[in-house]
Amino acid sequence: MAIDRHHNRRWWLAVAALTALALLLRLLVWRWRELYPLGGDEAEYLAQALTLLQERRYVELRLMRPPLYPLFLAAAILVVDSLVQNLRLVQVVISALTVPLMALLGQALAQRSAPHMPPVFARWAGLLAGLLTALNYTLAANATELLTETLFLAGLSLVLWLTLLPSPPWWRALMVGVGLGALGLVRAVALPLLPLIMGWWQISALAAGQWRRGVTQAALVLLGCALVVGPWTVRNTLMYGGVILIDTTGAENLWLDNDPAGREAVKAQLYALGEDRLLRQRLATERGIAVITADPGRFITKMSRELRLFFALEHTDDMRERRAIWVSPAEVVARLGLGDGVWLLILLAGSYGLARRWQAAPARVEGFWRALLRMFADPRWLLGAWVAYVVLTTLIFHVELRYRLPLYPVLLAYSGMVGAAWLPALRNALPRPHPAALFLPLLVLAITLWHAPYPALAWQLAGKHLALVQAERALTAGDPAAAAAAVQPALARDRASVLARVALARAALVTGDAPAAIGWLDEAIALLSAHPYPHLLRGDLLRQQGDLAAARAELAAFEAVSREDLAAWLWDRAITPPPATLRLGDGLDLGFIRGMHLPLPGETGWRWTTGWAQARVTALAGAQALTLELRSGRPDGSAVRVWVTVDGGEPQPFMIGPDWQTIALPLSPVMQPREVVVAVRSPTFWPRQYDPASPDGRRLGVQVRQIVVR
């Protein structure tokens with residue numbers, strides 16, 4: 001008994017460490033995604049929650065959805081306010097707390113699937129499931145979206161864990177029902193788990209010769225679910241004059257996703273019906289079935305396309321299709337390794353674990369019906385039915401890769417078991433796997449490669465980016481010829497590479513060949529007009545040539561199109577000498593500043609700094625001082641202390657008030673024109689400290705209008 005307590009204590013310490021690891025990864029992704037805008041569904045959920053708090057009324061969305069997630073958002077707003085980044089942080093914590101739930105689920109599944117195995121097998125299965133959950137970039141990224149998946153996944157893991165625990169007492173059966181009802185009010189996709197769990201518990205009880213217990217458990221699950229869902233169904237019935245169990249999303253999507261007219265055309269017809277949700281539900285069901293049966297061939301083709309997409313590598317496809325969206329190198333590694341890599345691992349290991357038999361056939365001779373009941377009492381049948389349901393319904397409707405998240409608890413738990421089975425002490429204790437168990441992972445791998453030849457793409461992209469890294473090193477070393485030569489393998493691997501043409505343009509600029517540089521930049525823009533790099537370099541070149549209007553059109557328009565700090569990017573690559581008078585926020589300051597915020601609408605003629613910002617200007621011969629025009633910008637009119645440094649000298653302190661003021665710093669003797677770098681360090685504030693309703697999540701320093709060398 002003391003040994004068991006010792007092992008349990010160590011197991012929980014390991015789970016706590018994995019939870020901390022998960023939180024660190026999720027906080028990192030949370031910071032990466034700080035400036036991501038809200039998507040359409042996210043904005044609708046947030047607006048619904050705000051309306052609930054401000055007007056004390058629940059407003060249906062145009063496409064009716066379950067009510068629990070907006071209620072969750074409203075509760076979170078009461079605790080952390082409505083700043084999007086704060087709400088994302090709440091979900092980050094929930095996502096991290098999914099790790100112990102997944103570890104418990106993996107442990108319970110191992111105990112239920114292989115009861116003859118020593119306890120160490122179940123403990124390791126749970127820890128490995130928790131590790132894969134902690135390191136999963138996809139789950140971390142989904143936690144930063146104000147969508148139902150993070151809350152749903154935590155609840156689903158909890159419900160499945162409670163379901164797989166042995167001999168559930170009456171209160172646990174009731175809890176499973178309550179949990180299922182709550183899951184249904186988050187996403188109605190959970191409701192089929194109700195008959196699946198009721199049926200599986202009944203079969204397990206029959207296999208154990210305890211059919212009365214099975215009936216009682218099933219009744220308690222149904223009661224618990226009805227207690228949660230029932231009031232909402234009654235509300236819908238009274239409001240709309242007919243039965244709408246939870247929402248109309250399933251019926252509406254059946255029509256939206258299968259009508260050849262397209263989703264937008266069908267939406268227009270649905271919206272034209274007004275707020276008659278019952279009519280919309282009935283009509284959408286009828287029309288959806290009608291368009292499917294009218295052309296089964298088109299429907300099968302559509303399902304085939306969705307099947308390929310369902311097993312795709314999400315982050316690889318996203319970066320291939322949205323090449324103009326900048327992602328930092330660290331996030332690229334996380335997306336590919338901890339996103340697609342972990343998905344592929346749990347897809348193959350989890351499907352193999354689901355397909356294989358974990359318990360040897362009983363030695364004693366059993367009757368046919370008893371053997372059949374014992375076979376179906378294996379958790380594989382419950383969890384396999386859930387997997388099949390999720391895949392099938394997604395193919396009938398449409399694939400968004402977040403829709404496959406309900407598979408994660410199953411795949412993660414079985415992946416933990418497969419990993420634990422490789423422990424040297426356990427390899428010979430498990431029954432030898434049948435070769436047929438390999439069929440399922442090989443099938444899903446074939447579907448994945450049917451969607452795209454990922455190994456060939458990986459080889460191509462690795463070679464391309466290695467060549468681009470070599471070109472960047474050559475440019476940094478001031479060797480344009482070596483850079484141009486290094487780019488050629490990249491172009492050979494990807495003839496449409498924008499980055500290769502940008503590198504060739506930069507090499508041409510180093511040699512002073514402006515026409516060649518413009519040619520390469522124009523070619524890059526023609527290939528992918530949304531990519532900011534060629535536009536910024538083109539704007540910088542036009543600025544050097546004196547075409548300020550055209551330069552401003554390039555620089556100001558494309559500074560805001562990327563999540564990258566493009567001011568810092570151009571700081572290292574601009575060829576235009578900085579001016580003696582630098583006017584901030586005039587559309588021509590990019591390349592001469594860094595550590596300053598992108599101006600919002602209405603912020604013209606100046607810029608906000610961050611806590612530390614730099615600018616560079618040219619000091620002409622005979623210049624004696626550098627002056628800055630700045631103000632604190634605090635809504636309450638308070639003054640702040642700033643420290644200004646020129647060319648790495650000693651920081652000089654100044655008190656800056658709410659009105660524009662000019663400060664001057666002496667320069668060392670300037671005998672010939674030279675570049676001067678000035679740095680401003682200041683305390684920062686959040687606008688929401690003064691206006692709780694402000695949507696501005698930036699940390700603001702001070703406002704700078706002009707820097708002049710005289």
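Helix 2 (residues 40-55) has 16 residues and should span 22 Å at 1.5 Å a residue, which agrees with the 22 Å between its end C-alpha atoms; the expected span is 1.5 Å times one less than the number of residues. The model is predicted: local features need pLDDT of at least 70, side-chain atom pairs count only at pLDDT 80 or more, and totals for chains, interfaces and linings use all residues. Residues are numbered from 1 along each chain as its sequence is written, and side-chain values use heavy atoms, with hydrogens and water left out.

**Helix 2**
- Buried residues of helix 2 are Glu42, Tyr45, Leu46, Gln48, Ala49, Thr51, Leu52 and Leu53; buried means under 20% relative accessible area, exposed over 50%, and partly exposed in between (1.4 Å probe, protein chains only).
- Their cover includes helix 3 (68-80) and helix 4 (84-113), where contact means heavy atoms within 4.5 Å.

**Helices 22 and 23**
- Helix 22 (residues 480-493) packs against helix 23 (residues 498-510) at an angle of about 165 degrees, with axes 9 Å apart; the axes are lines fitted to C-alpha atoms over the stretch in contact, and angles run from 0 to 180 degrees between N-to-C directions.
- The two helices, helix 22 and helix 23, are therefore roughly antiparallel, a term for angles over 145 degrees.

**Ser668**
- Ser668 is in the loop between strand 7 (661-666) and strand 8 (674-681); helices (H or I, at least four residues) and strands (E, at least two) are DSSP runs, numbered from the N terminus.
- Its relative accessibility is 45%, so Ser668 counts as partly exposed.
- Ser668 and Trp608 lie 60 residues apart in sequence and 28 Å apart in space, C-alpha to C-alpha.

How values were computed
Parallel < 35°, antiparallel > 145°, perpendicular 65-115°, else oblique.
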